[in-house]
Amino acid sequence: MTGAQVSVSSSSAFGGYYPGTTAAGGLVTFPQVLAGTLTVTAAKNGRDGQETVLLQDGQTLTLPVQLEPAGQVEGRVTAAGTSVGVAGATVTLSGRTGSITTDSQGRYSFAGVPLGSITVDASTAEGDRARGTGYLSLPNQTLTVDLPLN
């Protein structure tokens with residue numbers, strides 16, 4: 001697929017983020033990527049894909065990434081019984097590795113979420129928790145899942 005936006009992130013101690021765009025035949029080359037666990041993401045026209053692979057030092061790697069219809073999940077984490085956003089809460093999304101942290105207003109956002117049922121969990125260092133569910137049914141859909149803590 002020509003024109004897909006592709007990025008590679010390396011878990012190397014030195015980090016590394018490599019953006020690019022696919023050319024004819026759907027290929028993109030990233031020279032001199034730091035060895036480590038790589039997360040490769042690709043997106044075009046409401047379709048997203050992600051793959052993770054281990055790259056050894058000096059290795060050349062070809063990695064296909066399947067693009068599937070996807071949307072976005074966003075929302076706010078709020079304090080129990082209020083509408084006050086909670087900064088620094090940890091938010092996870094079912095089917096994804098890792099987590100994100102809410103901003104100063106308690107907002108979070110996940111892009112490139114495959115269509116279907118989703119579960120979002122939030123927690124704080126103090127032990128407060130929240131869970132929300134929803135369903136992404138259309139490419140490019142934005143689903144709002146607000147999470148009031150207990």
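Me: Of the 150 residues of the protein chain, what percentage count as buried?
Reply: Quick heads-up: this is a predicted model, where local features need pLDDT of at least 70, side-chain atom pairs count only at pLDDT 80 or more, and totals for chains, interfaces and linings use all residues. Residues are numbered from 1 along each chain as its sequence is written, and side-chain values use heavy atoms, with hydrogens and water left out. Buried means under 20% relative accessible area, exposed over 50%, and partly exposed in between (1.4 Å probe, protein chains only). On that scale, the buried share of the 150 residues is 31%.

Me: How many helices and strands does the protein chain have?
Reply: Both kinds of element are DSSP runs numbered from the N terminus: helices are H or I with at least four residues, strands are E with at least two. Reading from the N terminus, the elements go β-β-β-β-β-β-β-β-β-β-β-β. That gives zero helices and 12 strands.

Me: Which strands stand at the edges of the open sheet of four strands?
Reply: Two strands pair if DSSP finds at least two bridges between them. The sheet has the order S7-S6-S9-S10, with antiparallel pairing. Two of these strands each have a single partner strand, so one side of each is left without a neighbour in the sheet; they are S7 (100-101) and S10 (129-136).

Me: Which residue in S7 is the bridge partner of Thr90?
Reply: Strand S6 covers residues 90-93 and pairs with S7 in the antiparallel sense over two bridges. In S7, Thr90 has as its bridge partner Thr101.

Me: What is the N to O distance in the salt bridge of Arg131 and Asp121?
Reply: Side chains of opposite charge can pair when their charged atoms come close. Here a salt bridge is a side-chain nitrogen of Lys or Arg within 4 Å of a carboxyl oxygen of Asp or Glu, and the count comes to two. For Arg131 and Asp121, the N to O distance is 2.6 Å.

Me: How many residues apart in sequence are the parts that Arg131 and Asp121 tie together?
Reply: Arg131 is exposed at 62% relative accessibility, while Asp121 is partly exposed at 23%. Arg131 lies in strand S10 and Asp121 in strand S9 (residues 116-123), so the separation in sequence is 10 residues.

Me: Is Thr78 buried or exposed?
Reply: Thr78 sits in strand S5, which spans residues 68-78. Contact means heavy atoms within 4.5 Å; leaving aside neighbours within four places in sequence, Thr78 is in contact with Ser83, Val84, Gly85, Val86, Leu147, Pro148 and Leu149. Its relative accessibility is 11%, so Thr78 counts as buried.

Me: What is the relative accessibility of Thr124?
Reply: Thr124 has its place in the loop between S9 and S10. Apart from neighbours within four places in sequence, Thr124 is in contact with Val86, Ala89 and Leu149. Thr124 counts as buried because its relative accessibility is 12%.

Me: Among contacts between residues at least 6 apart in sequence, what percentage join residues at least 24 apart?
Reply: For the overall picture, the C-alpha atoms fill a box of roughly 55 × 35 × 20 Å, taken along the principal axes. Within the protein chain, the share of those contacts joining residues at least 24 apart is 43%.
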